[in-house]
Amino acid sequence: MKKILAIAAIASLISAPLSAGASDFTPKKDIEWVVTSSPGGGSDIYTRFISDAMTKANLANGKTFLVTNKTDGGGEVGRLNVSRTAAGTRADHTLLTFNSGDLMPMVKNTSNRLANFTPLAIMAEDKQLLFIGESAKYKTFDEVIKAVKSGAKVVIAGSKGDDVATYEKLIKELKFTEDQLAFIVNDSTSAAITSILGGHVDLVMSKPAAADQYVVAGKLTPVLALSSTRFTGNLRDAPRLSEVGSYQDVEFPVWRGVVGPKTMSPEAAAFWAKSLKTVAESEAWQKDYIGKFKLIPSFLDQQAAKAFMTKFEQDYLKSIGK
Amino acid sequence: MENATTKSKGFGLNQTIPLATAAMAGVFLWLGLSQYGFWHDSKGPMSGFFPVVISSALLLVSIATFFQSFSEKRPTLPLINWLPAFGVVLILGATLLLGMVPSLALYVVLWLRLFEKYDWKTTLVTTTVIMAIVIGCFVIWLGVPFPQGLIYEAITE
Amino acid sequence: MENINMLLQGFSVLLTWQNVFVTFLGAILGLIVGAMPGIGSLAGVALLLPLTYSFNPTTAVIMLGSLYYANMFGGAFSAILLNIPGDSPAVMTALDGYPMATVKKRPGQALLVSNFSSFIGGFIGMIILTFTGPALANIGLKFGPSEMTALLLVAMTSIGWLVGENPSKGLLLTLFGILLACMGMDTLTGSPRYDFGNEYLLGGIPFTPFVIGMVGFSQVMILMDERLVKAKEVTEKLTIRGSLLTKHDLKRLLPPALRSGVLGTFMGVLPGAGATAASFMGYAVQKSFKSEEPLGSGAVEGIASCEAANNGAAAGSFAPLLALGIPGSGTGAVLLGGLMLWGLNPGPLLFTNEPDFAWGLIASLFLANVVALMCAWGVIPLLIKILSVPTRLIIPCITVICIVGSYSTSNSMYGVLVMLISGVLGYVMHKFRYPAAPVLLAFVLAPMLESNMRKSFIISRGSLDIFFDSPLSLAFMTIFIVILLFPAARAVFGSFTRTKMETAK
């Protein structure tokens, strides 16, 4: 039995590069993987998790992934450099971690567009909820709506990028102004949670993973799911917006993806897309990444990712009037 | 280590510094008011509020410093002090071609041998020590990806 | 007493061969990382995080915790010996440390003062953390945007203590520093300002290269003057015995170290304040107390006040991290990310669910404090030899370290460019007798002040009342107004001012 297992293990090790060899591309040098945020943050952990998984499964022909954090200009410089990589060996060995939180500031503040990249995959999705604190003035989202309508000012704290976009979608659906239901942008979700724990704001917007322990401890209570389906586990009591009143559900897709430069050859793109797919289907990914960070395991392959990101960019550009 | 200073006469660098900050304050003030917004009725201060307040103050202080500067001593800025800055510019240029680590080593060797006229032994020992710190700490241990230069890339392509 | 039992429990977790070993390893690595300009605790912890994946969580966090902690010791080394702060909290250490090592020719003592004060500050922080951990974290929570605004206004007035001989020049640079800090992304609106269409400026001016240039590289340019001065005489003083602190030194060191230890711990607990702000505050507060020599001329009190504060803050920042899962600094955020990777759930339940882990970590801080002190002490005789290296050899070496350090902060040439420009700026400022400290202080504090102030106004719908509503903000606003009015009052009592001036001199 042991022997069979060993053979199976070896076979799986060998088969990975073999199957990759079926396409016309194999990595010939070390791969530079650009992350446009600081070491230790969410995007960094995501990138290192994938690159470690690829190295362990020998999906890169024994070459090393050099994860480089390029944080200049809020990440715009790193993204611009990748988009400008000249065709050739280098372009085939450059990857970029690319999330919804990267795309939005990029198209808002610079002229760089998705068209300058080759989408390879979307690895995971995330959604948000609104929570109240322990000594909250309003106990349900229904009370929040009534309070706003009667002239009270309610304040939500949240993080940058995705949270702002979700908030804007929310007040549009509720037909409130930014004065009625205000939003404070913090540098991180944990800073936002800090301000609600101190009782300085009424509501906080967070993704499930960041709020989880506070919900368990009874310090935060979910009051609204910003999703078209209810969450599960300790978040299942949070109603969707359509359950609170005669509104449409508000949902804003927050995704994590990987892209290459526009000049990446189709063979290389196919190779990387396939490797990413292998990682996304692995048990370690499902358990140690998706499970731990409470994400939605919605993998999109090369074609689907491209279509999805393109649509996302169009919608976003339209929403900011560009 | 205050070396030769002369009593300032007329216009010089003493006056240029407050003039430069005044100009900067002017630009920040104008951009702040015209582009970033000052005050919002219900949200309070906007993007431009803080910079506008600060740059107005800077403008006033710059003017005060400008008039005060005429009564000050004027230090000299000997050319030799600028050599290290010039060196950094050269290293930046050489990095494009040779990569950063070799450029740094070359710089130390050239500086010590040609400019300071040290013997080869001192030059090489010093270079070895400093490069050991750079390579051991930054390159190997911390894994900082220093630029490798066009030549290296041409070889590895 | 329960807390002491828990701490002892923590020590029993800590005192395995493996954990003691990683504490030592972490402390030594922390000293090195701290002493290297450009690589601060944030980068050090982040870069070593992957190494710890294979450890069990307690061992891993003990290593990173002691690395983070020892880093505060290491930063002072290069600040004192080369006038290049190894990390940003050490900026203020250089102000007195470097003159004490060079002008006063007491490098060993300067390093020892910094080590001892770090030890004392850290020890105070850890004691406070042990006994009041969760309660301390809850006090931190009371500081919302309006309270932080009021506190920061008070802090900004401390710049007044730093402006030096010429107030208008000091003020000019303070305002200049604030404007520089305004460049880049405005978080509250999510749009850039003062980026002048440049994608690099979109992210603003990075602090670390700015400091390396302003304080370190400008020093290289200044040193060109001293290049040909006969090599500094190497006296027999540069031995361990010759570097020992005198009783008198200790007497001068203790009061500021104790004060700053408490102040620093408190600063570490506040949301987003961190060790850098703490050391600035510690130094500024010392300005209002009596020092035997004027601060900035190599005073023991100057080194003690900022070093104790930043170590206190490092210890203090563990309170919100452990009790609530809230990182007080960038490094804390990375540690938090680490906790998740190791399979722990950081958050308000950590103390309850994982007592071994939480108390083991606190116990390891105590051990790291002792280990860092010992290691630092051990290397002092070696380190002070650096000072006997001729300036002519040192100049190209520091240049190299400045370049490498500023490159490493964001892995880009932009960092080097910022370093070069701010270095030239720092040199010109020095020549024209403009003080550098206010620029750096303003650069750190102003963005915090602005964002907290604007958040307060969003909450209050543009009304000023919010700053006088809560007792805390009311108290700080009162202090702020008193400080502002004080000079006016002093002008009235002119004679009083004159005596005060004389004692200051």
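**Reading a sheet, a helix pair and an interface**

Tutor: Start with chain A: five strands form an open sheet of mixed pairing, in the order β2-β1-β3-β10-β4. The model is predicted; local features need pLDDT of at least 70, side-chain atom pairs count only at pLDDT 80 or more, and totals for chains, interfaces and linings use all residues. Residues are numbered from 1 along each chain as its sequence is written, while chains are lettered from A and ligands numbered from 1 in the order written.

Student: How do I read strand pairing?

Tutor: Strands of a sheet pair through backbone hydrogen bonds, either parallel or antiparallel. Here a pair needs at least two bridges found by DSSP. Strands (E, at least two residues) and helices (H or I, at least four) are DSSP runs, numbered from the N terminus. Strand β1 (31-35) of chain A pairs with β2(A) in the parallel sense over five bridges. Val35(A) has Asn69(A) of β2(A) as its bridge partner.

Student: Which strands stand at the edges?

Tutor: β2 (65-69) and β4 (117-126) of chain A. Each has a single partner strand, so one side of each is left without a neighbour in the sheet. From one strand to the next, the twist averages 25 degrees.

Student: At what angle does helix α13 of chain A run to β4(A)?

Tutor: About 85 degrees. Axes are lines fitted to C-alpha atoms, for helices over the stretch in contact; angles run from 0 to 180 degrees between N-to-C directions. Helix α13 (302-319) lies across β4 and β10 (254-261) of chain A.

Student: Now chain C. How do the axes of α10(C) and α18(C) cross?

Tutor: They come within 10 Å and cross at roughly 165 degrees. That makes α10(C) roughly antiparallel to α18(C); the term covers angles over 145 degrees.

Student: Which residues of α10(C) and α18(C) make the contact?

Tutor: Contact means C-beta atoms, placed from the backbone, within 7 Å. Among the residues are Ile212(C) and Phe217(C) of α10(C), and Ile395(C) and Cys402(C) of α18(C). By class, the contact has eight nonpolar, seven polar and no charged residues. Nonpolar means Ala, Val, Leu, Ile, Met, Phe, Trp, Tyr, Cys and Pro; charged means Asp, Glu, Lys and Arg; the others, Gly among them, are polar.

Student: And the interface between chains C and B?

Tutor: The size of an interface is often given as the accessible area lost when the parts come together. Here, count contacts: 49 residues of chain C touch 55 of chain B. α18(C) gives the largest share of the chain C side, eleven residues. That side divides into 32 nonpolar, seven polar and ten charged residues.

Terms used: Two residues are in contact if their C-beta atoms, placed from the backbone, lie within 7 Å. Angles under 35 degrees count as roughly parallel, over 145 as roughly antiparallel, 65 to 115 as roughly perpendicular and the rest as oblique.
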